[in-house]
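Here is a short briefing to read alongside the structure. Have the viewer open, and let's walk through the fold, the surface and a helix together.

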Amino acid sequence: LALGVGDGDCVVVYDASAPGLMSAARVWWMLRAFGHHNVAVLDGGLRKWKAEGRALTDAPAPARTPRPLSSRLDRRLVRSLEEMRALVAAGNGQIADARGAGRFEGREPEPRPGLRGGHMPGARNVPFATLLRPDGTLKPAAELRAVFQSAGIDVDRLPLDLNRIRRELKEAPPDSESRDGLKLRYFLQIFDSEATEIRWRV
């Protein structure tokens, strides 16, 4: 990879968005979708980093030698257009729309021209901003669960890989900041009490 990221590297991504989390989550998902699971998002992003008075620099990033990065699409994390059409037609799946309510309901225009307003039939609105605290960090697991449940998403139907959670937490550095950073990786997975207990016990 041109950025020097290779197999086995731990990647931490962040962005400077006002909410504290936006583009970084897309990078997190993309890396995971192609098999690089050792990736986390900086909770609160650059906004919180600056608010805490942490170090900043305007120096160019040092050049890194390109390294091999194995990739294989994890199809469990994606759905094709045909699969989404079938899901909508069947009406028995769960579709979450992370846009704001105005765009979800078609009351506000889409930011890109030529796109129709509204949402997929049967989709539930879970604006991504409702997952965050005022400082841009993610809400605790119990509050995240409540947000999804209030939107009509049955979180008990979400897939939960407890073995992966347990393994990656055991491999994490022992300092608390690194472990706290891992919680962002699981915010769509850690909703039941067992997983939450494992996160803090390991």
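What percentage of the 202 residues of the protein count as buried? The share is 33%. Please keep in mind that this is a predicted model.

**Overall fold**
- The protein has eight helices and four strands.
- Following the sequence, these elements come in the order β-α-β-α-α-β-α-β-α-α-α-α.
- If you take the contacts between residues at least 6 apart in sequence, 67% of them link residues at least 24 apart.

**Surface**
- A nonpolar patch on the surface is formed by Trp29, Met30, Phe34, Leu73 and Leu77.
- Together, the residues of this patch have about 410 Å² of accessible area.

**A closer look at Leu73**
- Leu73, one of the patch residues, sits in the loop between helix 2 (45–51) and helix 3.
- Its relative accessible area is 32%. Because partly exposed covers the range between under 20% (buried) and over 50% (exposed), Leu73 counts as partly exposed.

**Helix 3 and what follows**
- Helix 3 spans residues 81–90, and one of its ten residues is buried, so the helix lies largely in the open.

Note on methods
Residues numbered from 1 in each chain as written. Predicted model: local features only at pLDDT ≥ 70, side-chain atom pairs only at ≥ 80, totals over all residues. Heavy atoms only, no water. Buried < 20%, exposed > 50% of the residue type's maximum accessible area, 1.4 Å probe, protein only. Helix = DSSP H or I, 4+ residues; strand = E, 2+ residues; numbered from the N terminus. Patch = residues over 30% accessible without salt bridge, like charges linked within 9 Å, V, L, I, M, F, W, Y side chains within 5 Å. Areas by Shrake-Rupley, 256 points an atom, 1.4 Å probe, with all protein chains shown as cover. Salt bridge = Lys/Arg side-chain N within 4 Å of Asp/Glu carboxyl O. Contact = heavy atoms within 4.5 Å.
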